[in-house]
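Let us walk through this model one piece at a time. Keep the sequence and the coordinates side by side.

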Amino acid sequence: MHRIIILLILNINSVGSVLNVLRIGIPSALFYYVYYPMWKTFLEELDVQVVTSGDTTRQLLNYGVREALADACVPVKVFFGHVMALIDQVDYLFIPRIVCLNKKTVYCPKFLGLPDMIRYGIANMPPIIDVRIDARDHKDKLFAAYYKVGKILGKTPRQITKALLKAKTSQYKFQKLLRSGLQPIEAIDNISTGKKQKPLDNKGELKFAVVGYPYIIHDQYISVGIINKLHKMNINVVTSDNISPFTLKLQRHGSSKRLFWTFSERTLRATRYFAGRKDIDGIIHLSAFGCGPDSILDRFIQLNNQSSTIPFMSLVIDEQSGEAGVTTRLEAFVDMVKRKKGAYRNA
Ligand code: SF4
C-alpha cells in the first residue's frame, strides 16, 4: 500500500516537471493583503503555478533582519524574509513596482524601490517580474502593466485580456467580502478554498476600530495577533480594510492638504471615518517601528480628531515586541474604555 502511495506522489511530481509548469512566487507580505486575489487569478489564468510563502514566523523575520538594511521598517524586513523562503522554489518572483493607482497619492518610497532592494540585497535571486504601474502616466497604464507581464509569459493579447478580466472579477469579490466584515486573510481563504466563511458574530459589548497599514494589521506575527487578542477579550473589531474604497474616497480627513503616501492618506481617512461613528468605542492605530510616514501620520491622526470623544491608542510594534507587552497595553485600554462607558456596572 505504501509503495502505491509513494509511486502516486512521484507521478504527481513528475507530471509537474513534464508539463514544465512555470512557478511564480508571491511573497505573503506588503501588497499581498491588498492585491493577492487579483494577482493569483491573473497568473493562474496564464497557466502559471502561484507559490506563496505562508505565514510570517520568527525564522522568516530573522532572515529578513539579516538581509535587509538595518534601518528598514519591520514590514520591509518581513518582506525580505518571505522572499528568502521562496527563492529556491520558483522560476520568477512577482514584485511589481506600484507607484500610483489613483493619480493623487503615491506609495511610500520603500515600495518604489522594493524590486531593486530585493534584487541587489539578496544573492542568487531568480528573475523578478517588476513591471512599473503608475496611473499618472496614462489611463491605460494598469492594462499596459499586466499586458507586459503576459508578454513575459509568452501569452497572446486575447489570453492576457481574458485573464485580466477574470482577475478584476476576483478582486471585486475580495473587496465585497471585506465590506461584509471579513478581514483580508479570511477573504483570501474564502476565495481560494470556496469555503463560505462568515464574519464573526458581533457578540462583544464593545466595538473597536483598528487602523493602519493592512500588512501590519493582518500579519499575525507583526501585529502580535492583535485582532484575535481583542476577540478573546470579547471586543468586536473592524479595520480600515472593511471600509469601501468609495466611502474612503468621499471621506474628508480634516487636513487642508493630502498626505503624499497612499496608505497613510487611507489610514487618515479611515480614522476620521471611525471617529465620526457612534458605534465605535475605541480606536487603535497600529504602526511599525522604523516607518518614516508613520512618524507624521500618527500626529496628524491625533490633531485631526481632537474633537472626537472616542478613546484612541497608538501602538508601535517592533521586531522585539512581545506578546505580554502588547496584551498588557490592550488590557489597560479595554479597561479604560469599559470604565468610560460605565460597563462595569452592568458586568
Ligand atoms: S509606509 Fe512605513 S511601514 Fe509601509 S513600507 Fe513605507 S516605511 Fe515601511
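The model is predicted. Begin on the outward side of helix α14. The exposed residues A324, T328, E331, A332, D335 and R339 sit on the face turned away from the helix's buried side. The buried residues of α14 are L330, F333, V334 and K338. They span an arc of only 135° around the axis, which places them on the same side of α14. The spacing follows a general rule: an α-helix has 3.6 residues a turn, so residues three or four places apart point the same way.

Now take the helix end to end. α14 covers residues 323-341, 19 residues in total. From first C-alpha to last it reaches 27 Å, close to the 27 Å expected at 1.5 Å a residue. G342 follows α14, with a positive phi near 70°.

Turn next to the sheet. Four strands form an open sheet in the order β2-β1-β3-β5, with parallel pairing. β2 (48-52) and β5 (128-129) are the edge strands, and each pairs on one side only. Inside the sheet, β1 (residues 22-26) and β3 (residues 92-94) pair in the parallel sense over two bridges. There, G25 stands opposite L93 in β3.

Terms used: Residues are numbered from 1 along each chain as its sequence is written. This is a predicted model: local features need pLDDT of at least 70, side-chain atom pairs count only at pLDDT 80 or more; totals for chains, interfaces and linings use all residues. The expected span of a helix is 1.5 Å times one less than its number of residues. A residue is buried if 20 or more other C-beta atoms lie within 10 Å of its own, exposed if 12 or fewer, and partly exposed in between; C-beta atoms are placed from the backbone. The arc is that of the directions from the helix axis to the C-beta atoms. Two strands pair if DSSP finds at least two bridges between them.
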